[in-house]
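Please look over the model shown here.

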Amino acid sequence: MHTFESLGVGKPTLALLTKHGIITPTPIQDLSLPHVFAGKDVIAQAETGSGKTLSFALPLIEAIDDKAGISALILAPTRELAVQIAHEFDKYSRGKRLTVTAVYGGVAMGPQIKKLQRTQIIVATPGRLLDLLSQRVMSLSAVRHLVLDEADRMLDMGFQPDIEKIVRQVPRERQTLLFSATISKEILQISKKYLNNPEEVRLPSALKPEFLRQTYYQTTPEVKLPLLLHLLKSERDLSIVFCNRKHIARKIAKKLTQQGVQSRALQGDMSQPQRDRTTKEFKEKKFSVLVATDVAARGLHIEDVSHVYNYEIPKDVDSFTHRVGRTARAGRKGEAISLVATEDERKFFKQILFNYSGKIDLKTVEAADLPKLAEVPHQARSTGGRSGTSRGGQQAKSGRQRRFRR
Ligand code: ADP
Ligand code: MG
C-alpha cells in the first residue's frame, strides 16, 4: 500500500487532495500510479467509480511543465466526462500554473480555440477535437502524454476511426495510458496498436455486496409499470431508470410524472443543451427520477443515486455493469433493481446472471399483486409484491428470496 506522497505527488497537490478528503489511494490508484509515475504505458481496468481519473491526473500534473505547450491529451467519450476530468485537473493542479481546456461539441468553438493558445492539458471528445485539428487552429505535435479514458465506451460509441485519426497526429515518442471499466478483444487490439509494452493493471468488477444490493423482479408486462411506480414512491434519494429505447424512456418519464413521481427523460434525441439542463437539474435534485438510455447516461457522475432500475434489460453484461455502476459509488450504499417481464428479457437476464459476478436476489410479482401495488408503501421497498412466489418451477428459498450466484 502506497501513500500519495511516497508515489511522488508533490506537496501542493497533496495539500489539495487532503483538502478534498482524498487521503489514501484507492486500489486501482495504488496499482497503477507507480507505473504511470514511472512514465510507462499502462492499460488499466477497474469498475466505474473506482478512482481512475486521479490514476492518470496526478502523475500528469507532476510531469507537465507550464511552458511546454499542449503536453497532455485526454480523450473521453462524452462532453460531461470531458468537463468532469478537466475539472479534476483544475482542482488538483492549482499549485502549479497549468491550464486545462475541455474541448467538446455542441458549443461555440471560439472560446475553446482561444483558450487552447495557453493550455498544457486538453480533455477532448474525439469529434470536436478532429474538427479543430482539421481547421488547423491547433496542433498535437507537443503532446507527450496520451490518455484514452473510458476506452470501452468510446468504442461502443463508434469513435474508433476518430481516435485513429487523432493518434496519428500525436508524436510516437509519448506515454500512452488506457483506462476502461471493461476489457474486450477490441480494447486489447487498440492497446496493442497504440501502447508500447504496457503494464497491465486489472481490478475486475467486484461490486461489494455490502454496498450494493441487487434485486431481480420476475414479473409480467402489465405489472411492470405499476411495480416501478410502487417502488419509486418509496424512494427519497435520486433514482435512475434505464431503458433500451429512446421512445420508451420518453414514455415512462411522462407516465411516472402523471402518476406523481417527478421524472424526466435523458435520451439521445435531446439536444446537448437540453441534456445538460436535465443532468444539472437532476444533480440539484429538482426532480428525483431520471429515465435514461445507455448512451445518454454514459459517464454521468452523480453521487447520490441510491437506486438504479433496469426497466428494460440490457442486451449485454457490460451495459448491465455500467448501469449498476451508477449507484453504490464512492463507498455509498446502493440498490439495483431489474424488472424482467418478457421471454426475451428472461433470456438476456439469464445471460447476465451467468456472466455477472455479483449476487442478485429474486422476487416475483404477478398480476394478482396489482391491487397491493396501488397502495403507497409505508417504508421499505421490501413491502413490494408477493415476494418469493414460485413461477416457472423456480421455488424461492426461505419463502422469500433466492440467491443467484454465478
Ligand atoms: P472512475 O473514473 O473510476 O469511474 P472517478 O475517478 O471518477 O472514478 O472517481 C470516483 C469518485 O471517487 C470521485 O468523486 C473522486 O473524487 C473519488 N475519489 C477518487 N480517488 C479517491 C481517493 N483516493 N479517496 C477518496 N475518494 C476518491
Ligand atoms: Mg472515469
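## Basis

This is a predicted model. Two packed helices are described by the angle between their axes and the distance between the axes.

## H3 against H4

Helix H3 spans residues 27–37. Its axis and that of H4 come within 9 Å and cross at roughly 30°. Angles under 35 degrees count as roughly parallel, and H3 and H4 are therefore roughly parallel to each other. Their crossing is right-handed.

On the H3 side, the contact uses Ile28, Gln29, Ser32, Leu33, Val36 and Phe37. These meet Lys52, Leu54, Ser55, Leu58, Pro59 and Glu62 of H4. Sorted by class, the contact of H3 with H4 holds seven nonpolar, three polar and two charged residues.

## H4 against H5

Helix H4 covers residues 52–63, and helix H5 covers residues 79–92. They pack at an angle of about 45°, and their axes lie 10 Å apart. That angle makes H4 oblique to H5. The crossing of H4 and H5 is right-handed.

H4 brings Thr53, Leu54, Phe56, Ala57, Leu60 and Ile61 to this contact. H5 brings Ile85, Glu88, Phe89 and Tyr92. The contact of H4 with H5 has eight nonpolar residues, one polar residue and one charged residue.

## H7 against H9

Helix H7 runs over residues 126–134. The axes of H7 and H9 come within 9 Å and cross at roughly 45°. H7 is therefore oblique to H9. The crossing of H7 and H9 is left-handed.

From H7, the contact takes Pro126, Gly127, Leu129, Leu130 and Leu133. From H9, it takes Asp162, Ile163, Lys165 and Ile166. By class, the contact of H7 with H9 comprises six nonpolar residues, one polar residue and two charged residues.

## The largest cavity

Rolling a probe the size of a water molecule over the atoms shows where empty space is left. The structure has three cavities of 30 Å³ or more. The largest cavity holds about 70 Å³ of space.

Which residues line the largest cavity? They are Arg153, Phe242, Asp294, Ala297, Arg298, Ser319, His322, Arg323 and Arg326. By class, this lining has five charged, two polar and two nonpolar residues. Helix H14 (294–297) and helix H15 (317–324) each supply at least two residues of it. H15 gives the most to the lining of the largest cavity, with three residues.

## The second largest pocket

The second largest pocket holds about 310 Å³ of space. Its lining has 13 residues. Val167, Arg172, Arg174, Lys193 and Tyr194 lie nearest the centre of this pocket. By class, the lining of the second largest pocket has seven charged, four nonpolar and two polar residues.

Helix H9 (160–168) and helix H10 (185–194) each supply at least two residues of the pocket lining. The largest share, three residues, comes from H9.

Key: Residues numbered from 1 in each chain as written. Chains lettered and ligands numbered in written order. Predicted model: local features only at pLDDT ≥ 70, side-chain atom pairs only at ≥ 80, totals over all residues. Heavy atoms only, no water. 1 Å grid on protein atoms, 1.4 Å probe; cavity = no way out; pocket = protein on both sides within 12 Å on 5 of 7 lines; lining within 4 Å. Points joined across faces, edges and corners; volume = space filled by probe spheres on them. Helix = DSSP H or I, 4+ residues; strand = E, 2+ residues; numbered from the N terminus. Nonpolar A, V, L, I, M, F, W, Y, C, P; charged D, E, K, R; others polar. Axes fitted to C-alpha atoms, helices over the stretch in contact; angles between N-to-C directions. Parallel < 35°, antiparallel > 145°, perpendicular 65-115°, else oblique. Left-handed = near helix turned anticlockwise from the far one by under 90°. Contact = heavy atoms within 4.5 Å.
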